[in-house]
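Dear colleague,

I am handing over the structure below, together with some notes on what was found in it. Please have the model open beside you while you read.

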Amino acid sequence: MQHGDGPDLLLRTVAWLGIVAIVWRLPVPRLWLALGTTFGLGWVAWLGYVLSPGWPSWGVYQGVRAVGIGLFCWAAVGQPTLRVVQ
């Protein structure tokens, strides 16, 4: 289990909220939901663990990660594939 002191707090905050900012206006709502949950809500859950370390907050964080992975799988199923246009 990692703690949020020092550079880890800054790194995760900038990286995860940066991803949320980048995908904010994506035209693919399923992918936005998956990435927004994984990195936006995941950051909130991780911050909760950092502020109050213990098994309950760790479990919430892992639950959010599992939901994010499930949403990403859901977003990837049935989506049209990309084509190269010449």
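In helix α2, the buried residues are Ala34, Leu35, Gly36, Thr37, Phe39, Gly40, Gly42, Trp43, Ala45, Trp46 and Tyr49, where buried means under 20% relative accessible area, exposed over 50% and partly exposed in between, computed with a 1.4 Å probe on protein chains only. Helices here are DSSP runs of H or I with at least four residues, strands are runs of E with at least two, and both are numbered from the N terminus.

Before going further, please note that this is a predicted model, in which local features need pLDDT of at least 70 and side-chain atom pairs count only at pLDDT 80 or more, whereas totals for chains, interfaces and linings use all residues. Residues are numbered from 1 along each chain as its sequence is written, and side-chain values use heavy atoms, with hydrogens and water left out. The protein averages a pLDDT (the predictor's confidence in each residue, from 0 to 100) of 85, and 85% of the residues score at least 70.

The 23 residues of α2 reach 31 Å from the first C-alpha to the last, close to the 33 Å expected at 1.5 Å a residue, the expected span being 1.5 Å times one less than the number of residues. A kink of about 35° is centred on Gly42 in this helix; the bend at a residue is the angle between axes fitted to the seven residues ending there and the seven starting there. The buried residues of α2 pack against α1 and α3, with contact meaning heavy atoms within 4.5 Å.

In α1, the buried residues are Asp8, Arg12, Trp16, Val20 and Val23. Seen down the axis of α1, these residues fall within an arc of 80°, so they line one face of the helix; the arc is that of the directions from the helix axis to the C-beta atoms. The face turned away from the buried side of α1 carries exposed residues, among them Leu10, Leu11 and Val14.

Finally, Tyr61 lies in helix α3 and is buried, with a relative accessible area of 4%. Leaving aside residues up to four places away in sequence, Tyr61 touches Arg12, Trp16, Gly42, Ala45 and Trp46. Although Tyr61 and Trp46 are 15 residues apart along the chain, their C-alpha atoms are separated by 5.7 Å.
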